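Thank you all for coming.

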Amino acid sequence: MDERFSGFGAFILSTITAGMMVFILAPLLLVMAVSVSDSYFVTFPPQGFTLKWYAKVLQDRDFLEAMRLSILLALGTTAGSLLLGVPAAFALVRGNFFGLAAIKGFLLSPLIFPALITGLALLQVLTKLGSQDARLNLLIGHVVVTSPYVIRTVVTSLQLVDENLEDAARTLGANRLTTFWRVTLPQIASGVAAGGLFAFMVSFDNYPVTMWLANSEYSPVPLVLMRQLVNVFDPSVPAMSTIIILMAMVGVLLLEKLVGLRRALAA
């Protein structure tokens, strides 16, 4: 630990950090604990230990279909956000044209506006355009709200790129595509990976926008969870939530394995 944080200062810092970790992790651990309760009602502390609620969830056709839809939707959203976000980030960093600041603010505006308002606005726009395909509407809506995450992380990575390496590659005969693929992309890979992970998780767990754009035929996991909470609040709901938490943990571990968590978050 840095010498500036030694003795009593280190104790205070460690206490605050531990308190923050407990505050963040306690709700997750509570959900996990309740999911293995042997009771037919949600109670804490949990009574007994059983995995029957996970068996029930994994045999629930509605949940499995919702999970399949959410995964496909999140994958499509991630691909769309990367395809739109990476070029947009290049334009914002390398471009020099009138209205650059205004365009940047517009592209990042979904991060500022309340998600419910964004979802309602998207519903009105898509309705006026005559789009009645719920899957397409969900994809468009999720790309709109997740692209800013990709743009922000890639913009930060691009600002750290050594452009002299790109100039050297072009001087040696590489075209722009080759230069991007072999010189630029490796330098911004952490930002792209972090943005892609954020886009996937935000899409997978998005309720406010999904609520407006989904229908009874196509209901992603957040809507199924909310429906279960309203109708039958038994430990199968925490079991569903625990599965989602574990998926998020796997995503973070993959990010750490591929590019390094600290490097990705630094982007």
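**Aromatic pairs and pockets**

Let me begin with F198, which is partly exposed at a relative accessible area of 32%, where buried means under 20%, exposed means over 50% and partly exposed lies in between, with a 1.4 Å probe and protein chains only. Please keep in mind that this is a predicted model, in which local features need pLDDT of at least 70 and side-chain atom pairs count only at pLDDT 80 or more, while totals for chains, interfaces and linings use all residues. Residues are numbered from 1 along each chain as its sequence is written, and side-chain values use heavy atoms, with hydrogens and water left out.

The structure holds three aromatic pairs, a pair being rings of Phe, Tyr or Trp (its six-membered ring) whose centres lie within 6.5 Å, with planes under 30 degrees apart counted as stacked, over 60 as edge-to-face and the rest as tilted. In one of them, F90 and F180, the ring centres are 5.5 Å apart and the planes stand at 65 degrees, so the pair is edge-to-face. F90 belongs to helix α3 and F180 to helix α8, so this pair ties together parts that are 90 residues apart in sequence; helices here are DSSP runs of H or I with at least four residues, numbered from the N terminus. F180 is itself partly exposed, at 24%.

F198 takes part in another pair, with Y149, which is tilted, at 6.5 Å centre to centre and 55 degrees between the planes. Since Y149 lies in helix α6 and F198 in helix α8, the pair joins parts that are 49 residues apart in sequence. Y149, at 29% relative accessibility, also counts as partly exposed.

Now to the pockets, by which I mean open sets of points on a 1 Å grid over the protein atoms alone, where a 1.4 Å probe fits and protein lies on both sides within 12 Å along at least five of seven lines, with lining residues having an atom within 4 Å of a point. Which residues lie nearest the centre of the largest pocket? They are L28, I244, I245, A248 and M249, out of 15 lining residues, and the elements giving two or more residues to that lining are α1 (8–34), α8 (176–204) and α11 (236–258). Helix α1 gives the most, with six residues.

The second largest pocket is lined by 19 residues, with F106, L107, S109, P110 and V144 nearest its centre, and the largest share of this lining, six residues, comes from α6.
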